[in-house]
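Open the viewer and show the chain as a cartoon.

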Amino acid sequence: MDYVLIVILFYFSFVSGRLTLVESIGVNNTIQTEEHTTSWRLNTFQFSGRDQIRNGNVNHVSHYAMWHTDFGEFYGIRADLSIWGSPNQGPSQQSGAALQINCLEEGRYKTFVAGFQVAPALYNNSDVRFFTFWTMTDGATSTGCYDLRCPGYVPASGASLSPGQAVAPPSTYGEEGCEVTLSVNKDPSYGDWVLYRHYQSHTPSFLGHFPGDLCSSTPRTLAWLGFVSYPVNTQGPPMGSSHFPKDDKTKSGFFTNINLHDSQGHFVEPVWIPLVDRPDCYNETDVFNREGEGFMFYYGGPSGCIG
């Protein structure tokens with residue numbers, strides 16, 4: 001089943017709202033409650049997929065450096081993501097890091113993603129931006145979109161991060177880096193997938209939610225990934241810090257304090273599965289457990305990969 005993560009990641013009617021109480025995993029792995037408005041339920045519509053990030057009809061290739069779980073009973077994912085810029089990235093290139101949840105339901109693969117990316121074709125510049133993405137595909141057709149370009153992800157009113165919002169400043173190589181903590185957890189009452197930004201000494205900030213229809217059943221796989229995409233037969237952009245990974249948070253892309261949870265909000269340690277499709281271009285370290293930073297790994301690679 002590992003190939004599914006590659007195939008569907010970048011393939012690229014409202015009803016009245018109601019106020020719900022949402023349980024979410026807090027900064028100390030405790031259940032926290034916060035209000036949010038659920039205002040949408042999934043309807044079927046068609047989407048052309050990755051044409052969103054293309055210039056014209058140029059074919060793209062994508063590469064990944066990720067760790068993911070096997071299929072299992074998972075209800076939440078969390079990590080600290082390092083934020084790296086790519087100021088010289090080409091207009092048809094894309095690079096970033098994200099949390100991803102995947103389901104297989106009734107013959108359709110369903111995926112939704114939250115993270116940070118540089119994608120000039122989407123945003124008309126090379127800023128690092130917070131993004132969301134979702135898709136459903138049966139192998140022949142796909143639906144979904146980035147950010148708020150179609151119904152799907154529902155942002156919270158006054159959210160501290162909105163899809164497409166620029167994030168500054170990014171990390172600087174060799175200096176103390178920038179990182180953001182995100183979590184996505186399934187609302188036990190209504191089934192929506194709620195997205196939070198976490199802070200060391202403040203209450204988590206509710207950012208929005210994905211409708212529960214995007215992943216209503218189990219088993220699921222969860223993934224922490226660095227990614228790039230670029231036109232075939234051209235040189236690819238950097239991933240992470242633009243250097244191969246090493247044990248140094250000032251010089252590598254990283255995911256730290258990796259957590260995933262069961263239906264009761266308890267930490268679950270999975271069987272970790274690596275996926276690096278071009279280790280000569282982009283790579284990752286093993287997942288390891290370090291005091292104060294939990295389960296973590298480094299990832300990244302320079303620009304110049306071809307094919």
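How many bridges join strand S16 (residues 283–284) to S18? There are 2, and the two strands run antiparallel. Keep in mind that this is a predicted model.

**Stop 1**

Select residues 294–300, which make up S18. This strand is mostly covered, with 6 of its 7 residues buried.

Next, show S17 (residues 288–290), which pairs with S18 over 3 bridges in the antiparallel sense. Pick Phe288 to find its bridge partner, Met296. S17 and S18 form a hairpin with 3 residues between the strands. Stop at Gly292 in this hairpin, where phi is positive, near 90°.

Then select S14 (residues 253–261), joined to S18 by 4 bridges and antiparallel to it. Here Phe254 has Tyr298 as its bridge partner.

**Stop 2: the open sheet**

Colour 7 strands in the order S8-S7-S6-S5-S13-S3-S15. They form an open sheet with antiparallel pairing. S8 (142–146) and S15 (273–276) are the edges; each has a single partner strand, so one side of each has no neighbour in the sheet. On average, neighbouring strands here are turned by 20° against each other, direction ignored.

S7 (residues 129–137) runs antiparallel to S8, joined by 5 bridges. Trp134 stands opposite Cys145 in S8.

**Stop 3: nonpolar cores**

Show side chains for Phe112, Phe116, Leu182, Trp224 and Phe255. In the largest nonpolar core, of 56 residues, these touch the most other members. Another core lies apart from it, with 14 residues, including Ala119, Tyr123, Phe133 and Leu225.

**Stop 4: disulfides**

Select the cysteines. The whole structure holds 3 disulfides.

- Cys103 and Cys215: the sulfur atoms are 1.5 Å apart. Cys103 sits in S5 (residues 94–105) and Cys215 in the loop between S12 (205–210) and S13 (220–231), 112 residues apart. Both are buried.
- Cys145 and Cys150: the sulfur atoms are 2.1 Å apart. The S-S torsion is about -95°, so this disulfide is left-handed. Cys145 is buried at 1% relative accessible area, and Cys150 is buried at 13%.
- Cys281 and Cys305: the sulfur atoms are 2.1 Å apart. The S-S torsion is about 75°, so this one is right-handed. Cys281 lies in the loop between S15 and S16, and Cys305 in the segment after S18, so the pair ties together parts 24 residues apart in sequence. Both are buried.

Number the bonded cysteines in sequence order, and the pairing reads 1-4, 2-3, 5-6.

Note on methods:
Residues are numbered from 1 along each chain as its sequence is written. This is a predicted model: local features need pLDDT of at least 70, side-chain atom pairs count only at pLDDT 80 or more; totals for chains, interfaces and linings use all residues. Side-chain values use heavy atoms; hydrogens and water are left out. Buried means under 20% relative accessible area, exposed over 50%, partly exposed in between (1.4 Å probe, protein chains only). Two strands pair if DSSP finds at least two bridges between them. Axes are lines fitted to C-alpha atoms, for helices over the stretch in contact, and angles run from 0 to 180 degrees between N-to-C directions. A nonpolar core is a set of buried Ala, Val, Leu, Ile, Met, Phe, Trp, Tyr and Cys residues joined through side-chain atoms within 4.5 Å. A disulfide is a pair of cysteine sulfur atoms within 2.5 Å.
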